[in-house]
Amino acid sequence: MYNDKIHIHIENSRSSAPVFIASEEQVRQLLERNPDLADKLHITIGSSAYDEVERWTDADFKEFYDYMKTADVLVGYCFPVENLATHAPNLRWIHFISSGVEHLAPFGWVPENITLINNRGVHLPKSGESFAMFLGMLNAQIPRLVTAQRNGKWDRAFTSVIKGKTLVIYGVGHQGGEMARQAVNMGLTVIGVDPYVKEHPYCQQVVSTDKMKEVFAKADFLAIAAPLTEETRGIISEEALGWLPKHAGVMNVSRGPLLDQEALHRKLSAGELSGAVLDVFDIEPLPEDSVLWTTPNLIITPHVSSDDLVHYMPLTLDLTIENIRNELAGQPFKNVVDTSKAF
Amino acid sequence: MSQKKYNVMILTAHDSLKVFRMTEERLTSALERHPHVRDYAEFSIVKTSTSFENEPGWNDEDYVVFRDGIKNADILVGYMFPLEEIRTIAPQLKWIHIIGAGIEHLHPLTWLPENVMLTNNRGAHAPKTREYAMMAMLMLGNHMPRLATAQRNSHWDGHFVSIIEGSTVLVVGAGKQGSAVANAARTLGVRAIGVDPDTAPRGDFDEIAPPSELHSLLPKADFVVLTLPYTQETHKFFGAKEFGLMKESAGFVNICRGKVVDHTALIEALKNGKISGAILDALEEEPLPENSPLWSTPNLTITPHMGCDDEENYIHRTFDIVMENIDKLIRGERLDNLIDPKKGY
């Protein structure tokens, strides 16, 4: 608490893309949207030079620990986790501005009584549009046409409408569920693969991982949308890609290491898949000498499909406020991270 | 009805692309969808070795089979044929249906006998056009042409954009193709303003303005999509001035005919950042010549005139238009998709 107000501290990284940096103006607008809470909240914004704590300056640490003395809530992505309970005696919850939290795993550092919250759901308006686009692009063979354009080749590949085709989604959580919703709106049939989810309103069926081979054979498109955990790392292996029909298109919109991207490169080069769109990679930014830059029938987007330049941070802060309201009303938090599953 | 049946001649070629192939199978399935048409019409599929407009075109035998078929035909369904012969060798001909939307390859229409009706295929493209237009607007909003240019240079161009919901598309040409674009826009929550000589409210357009307002509307658009016929008036009508009036953040799509755009001006606009990206499905010369500067123009995606043609369903929908028009002919109603020979579209 800070002067009897709930202290929310937002920790920015100055090296982040602007989309991920909260501004004073956004905080002002946030309070305008929530006038009833305005005099109950003390919101501070700090910033460090880099995400990686090893590169923080002494000034970065000092500023952060000063804010932590009174912070009730921390909103951020990267920060020093050692002895957090000592530095931040009042801290009750941490709101990560990302969906994935694997960068701070394992979670032995989390003090008891501190809840971790992630940003799942905040991406949906933007990622929904991106998913509809990627589906349309794979169906219209845009990866192949862009490759042909690179080679100055008029490659008149005709295609049919997407309506009636089948999409298999690996992981039907928030992102996968939105992918399913977009696909159903476009007239596709959707099959989900998920170890935890048993059914989904936009999936014709959701099968467990042991049925992957069976449903991959039916796919016109495969979307990878699950979080990265020990269970999902490398799950879309060369063998799994081989279960897909040759005409299938693949997209990865969650985390690079779920997919064996070298295997994808080989399959696309050999014409054993029709095309792919990758928004995420093993290493980001994708190294200049990666073979993927010139893999035929592959479109690379630089991890931009889900983050809305204008609305991302405002929606993030709205989620923080939603959880403040939940806490004040004695209701459960939204988006609690189950640290037993995340690595 | 005791009247003799109409002879429908379907003119196709052995080397026709799968998407445009008028086969027995596709005809049979169309007649299954419209069984009563069999009572009024008999169909014959006439196949030439190649399409008339190809280089080299027809051989002697092709002319023979064409002339043989057309002399008894009441209705001709095809794309291109010896236009000047129609007046003299097709005494029964009442109606010609062209299996394309653009008919500028038949211009000028002086060869068309006054008592022969001409229809085109507008509408056959609608479902595929709608999907293509959705994709194209999303691709431009998400800077896909720019990212593909970056990929060509092995460059990680990580920059972010917002959603396209709530933005505005200017659809130049509010006919059937334009209406499919407006429908796509509505699905995406994008406001659609049409530009068309016919400003009657219709379909999913939020507004339709006359061509005289094009220049005042261009600065308002986040996307500009061209969906109008090629005529003398529209020849290269979209050029430096029009690109200059667009927002720098706006994207440009051409899915009608390449010749309506001044491509030198487009290249300049893209290179100088006067617009953010473009997608072309129609080019001035097709196939686009290997040495065309368009191949490597930054922030431009080229799709080789396939965006609006549905490989599986195009001929099905074409035949549906023909069958429905045969019904109208029988009932003495006005045919759909009639070309006005004076306007040329």
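A polar contact is a pair of N or O atoms within 3.5 Å; within protein, one atom must be able to donate a hydrogen and the other to accept it, and residues adjacent in sequence count only if both atoms are side-chain atoms. On that basis, 19 residue pairs are in polar contact between chain B and chain A, both residues at pLDDT 80 or more. This is a predicted model, in which local features need pLDDT of at least 70 and side-chain atom pairs count only at pLDDT 80 or more, while totals for chains, interfaces and linings use all residues. Residues are numbered from 1 along each chain as its sequence is written, chains are lettered from A and ligands numbered from 1 in the order in which they are written, and side-chain values use heavy atoms, with hydrogens and water left out.

The interface draws 46 residues from chain B and 50 residues from chain A, where contact means heavy atoms within 4.5 Å. Together the two chains bury about 4,200 Å², with 69% of it on carbon and sulfur atoms; buried area is the accessible area (1.4 Å probe) that two parts lose on being put together, summed over both. On the chain B side, Gln151(B), Trp156(B) and Phe160(B) lose the most area to chain A, together 23% of what that side buries.

Helix 4 (126-141), helix 5 (144-152) and strand 12 (300-302) of chain B are the elements that give two or more residues to the side of chain B touching chain A. Helix 4 of chain B gives the most, with 6 residues. Helices (H or I, at least four residues) and strands (E, at least two) are DSSP runs, numbered from the N terminus.

Aromatic rings also meet across the chains. Rings of Phe, Tyr and Trp (its six-membered ring) pair if their centres lie within 6.5 Å; planes under 30 degrees apart count as stacked, over 60 as edge-to-face and the rest as tilted. The structure holds 25 such pairs over all chains. One of them is edge-to-face between Phe158(A) and Phe20(B), at 5.7 Å centre to centre and 80° between the planes. Phe158(A) sits in the loop between helix 5 (142-150) and strand 6 (166-170) of chain A, and Phe20(B) in the loop between strand 1 (6-13) and helix 1 (24-33) of chain B. Phe158(A) is buried, at 9% relative accessible area; buried means under 20%, exposed over 50% and partly exposed in between (1.4 Å probe, protein chains only). In chain A, ring pairs link a cluster that includes Trp56(A), Phe61(A), Phe79(A) and Trp109(A).

Side chains of opposite charge can pair when their charged atoms come close. Lys94(B) bridges to Asp74(B), with the closest N and O atoms 3.0 Å apart. Lys94(B) is in the loop between helix 3 (86-89) and strand 4 (95-98) of chain B, and Asp74(B) in the loop between helix 2 (60-70) and strand 3 (75-78), so the pair ties together parts 20 residues apart in sequence. Lys94(B) is partly exposed at 31% relative accessibility, whereas Asp74(B) is buried at 2%. Arg202(B) forms a salt bridge with Asp196(B), the closest N and O atoms being 3.5 Å apart.

Technical notes. Salt bridge = Lys/Arg side-chain N within 4 Å of Asp/Glu carboxyl O.
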